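I'll go element by element and jot down what I look up.

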Amino acid sequence: MNLKRKTIAILLVLVFLASTIPAVSADDVDYSLTSGIVDLFVEENGLLHVKETINYHFDSSANGVYRDIPLKDNQEVKNLKVSVEGAYCDYTIINEEGKERIKVYIYSDEAKTHKIAPNSDIKVHYEYDFTNVIKIYTDTGELHYKLWGEEWEANVYHVKATIHYPNKKGIEYWINPYNHVSKDSWTNNTLNVESGFIGSGEYLELRSTIPLSEFKNPIYAQHINSPGLAEIKKIQKDYENANEFANTGFLVVDILAILSIAIPVIIYFREGREPKIAYNGIYERELPTKDSPAFVNAMQGGFGKTVGEPDTHGFQATIMDLINRKVISISKEESNGLKNSAIMEINYDKLSELKPFENEVLNILKPFELNGKINLDHMESSLKGSQIAKNFSTEIEYWEKSFKSTYLPKSKLKKYFIESGANHIKYYGIIIIILAIILGYFSINSIVENAFKSLIVAIFMGIVGIICLKIPSTVGGRWTDEGAEYNAKWKNFKKYLKDYSLIKEHPPESIAIWNEYLVYATALGVADEVYKAMKMIEYNGNDYFYGNDLFLFYYFGGHHALHHAINTGISTATSNNSVGGIGGGSGGGGGGAF
């Protein structure tokens, strides 16, 4: 793909993601990177010694240049030396989170009073030791390193890298993406790699495995107590297979683009149109049914929501219901030194009256008990830990699936909702996104002639796929007559809860009903509106709300603390792999001029 086409492609992506990509101002310095030279020395003690020479051509005057070196966990840059050919210099080192910035000031005179003049060529040399870059697994050593990083703000026209190993014997290596490589060869124990043009935002990465026998007391390496060779080879094999698939994918992408529009529309007209029902109510003031809040939550459709599956609102509404039924009591006190937090306490003598899914909710909360009490601030803090969050997220996911299989299996759900069309759209969305990712990735890095067209189509396919996954299941699926009436009544009840003027005009007649409103409003995702109405409306001139646990739970911030704790647990539940994927190597980074 030539530079002009690649630039247009990147602009299209930026337009699509404009809301999430920060704006970047134009740089006043007019310069180019003519070449980059990288020398890597793999030491027997696990240290990586690095020499870099960056060649600049300045069409305008400049104050200096900078070089960013990314740092992963426990990595350090030591014994740094900086020098400049073609100018005089000073430099400073700025330690930032996740990287080290080397800022080099360049001058045209020895007194260091004048900036360099336009039409200047300079070479900036960096030399340093890099620790914890080389990985030592139980079966192999690994150097996974970006010879050129994607964070350079300018394109580079040529990169030459030499990697010096203790011994060539037993070395296996891969260069990603390989289409950047113009030459790779061995000279004794040295691997030579050369590339042509590398655009800003692109990288050139080396991955090599090294026999463990080449290291002697590798104290400066990262030690991983598990095998890595098979996983490294698998990652590379998958990457190569995907490249081979790209050429075939480019040929069929236009057909898939047409189907991206046609298939979901066809599914909707065949399976998604709703039946007409006699019910025509405007709003519902009373609970339409006596179903549990988790059941009501599961039956709600919405953006990214599947009918028949509860979500975290259903989980939280179940907790609110247990508070309302005195299974969980609420207080506000110090717990483990933490103040200003709602405290939950499980009343174990009432567990026998609970349904299995309610007991499962309590079982998820029990690990956060301290002296018989659950402090929600402490719970949220605990859920910032990766393993605790992973367990918590897994348990909630299991609870959701267990509820669906027990209370809304397909045999019961079909009484309310026919989900086949929704499933067809979802499966189609998954397939389209997978194809879009594969085609998009390889079209950006491919030299295949029609890759640019495929990139545009891949972006379009990805948009269609995301829409297919996020649209309500009610678009592809459809309600039965009974389900349509059920859904309409609960929607009207939700409308009543959201409309303060309706609640003010038709308030509930007792505190018990207010509590039910708050429980089911949580299930429907509108609890804040009901809580505000409870605070503003008085009953016979008395603040009658302040004597019940459910209102106190909200009043003390428990509802929001629980919501934040759940979200913290789910968002933290990510795993870190020891073996990095393509583009995940150390080193790299980038730089610019100022």
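**Notes on the sheet, the strands and the helices**

I started with an open sheet of seven strands, in the order β4-β7-β2-β1-β10-β13-β12 and with mixed pairing. For my own record, helices (H or I, at least four residues) and strands (E, at least two) are DSSP runs, numbered from the N terminus. Two strands pair if DSSP finds at least two bridges between them. At the edges I found β4 (76–85) and β12 (181–187), each pairing on one side only. Neighbouring strands here are turned by 15° against each other on average, with direction ignored.

Before going on, I noted that this is a predicted model, where local features need pLDDT of at least 70, side-chain atom pairs count only at pLDDT 80 or more, and totals for chains, interfaces and linings use all residues. Residues are numbered from 1 along each chain as its sequence is written, and side-chain values use heavy atoms, leaving out hydrogens and water.

**Inside the sheet**

I looked at β1 (residues 31–42) and β2 (residues 48–58), which pair in the antiparallel sense over 11 bridges. Y31 stands opposite F58 in β2.

Next came β13 (residues 190–195), where I found S195. Is S195 buried or exposed? S195 counts as buried, because its relative accessibility is 0%; the cut-offs are under 20% relative accessible area for buried, over 50% for exposed and partly exposed in between (1.4 Å probe, protein chains only). Leaving aside neighbours within four places in sequence, S195 is in contact (heavy atoms within 4.5 Å) with Y157, H158, V159, H180, V181, S182 and L204.

I checked what V193 touches, not counting residues up to four places away in sequence: the list includes L147, V159, I163, I175, V181 and L204, along with K160, K183 and D184. A161 is one of the contacts of V193; the C-alpha atoms of V193 and A161 are separated by 5.1 Å, although the two are 32 residues apart along the chain.

**Strand β17 and its partners**

I moved on to β17 (residues 342–346), which is mostly covered, with four of its five residues buried. Strand β16 (residues 328–332) pairs with β17 in the antiparallel sense over five bridges, and S329 stands opposite E345 in β17. Strand β18 (residues 374–375) is joined to β17 by two bridges, and these strands run antiparallel. There I saw M344 opposite I374 in β18.

**Helices**

How many of the 13 residues of α4 are buried? I got 11, so α4 is largely enclosed by the rest of the structure. Among the buried ones are F315, A317, I319, M320, L322 and I323, but also Q316 and D321. Helix α4 (residues 312–324) reaches 18 Å from its first C-alpha to its last, close to the 18 Å expected at 1.5 Å a residue.

Last, I looked at α5 (residues 356–365) and α7 (residues 386–407), which pack at an angle of about 180° with their axes 10 Å apart. That makes α5 roughly antiparallel to α7, a label for angles over 145 degrees. On the α5 side I listed P356, F357, E360, V361 and I364, which meet F392, E395, I396, W399, S402, F403 and Y407 in α7. Those contact residues divide into nine nonpolar, one polar and two charged. (Ala, Val, Leu, Ile, Met, Phe, Trp, Tyr, Cys and Pro count as nonpolar, Asp, Glu, Lys and Arg as charged, and the others, Gly among them, as polar.)

Notes:
Axes fitted to C-alpha atoms, helices over the stretch in contact; angles between N-to-C directions. Parallel < 35°, antiparallel > 145°, perpendicular 65-115°, else oblique. Expected span 1.5 Å × (residues − 1).
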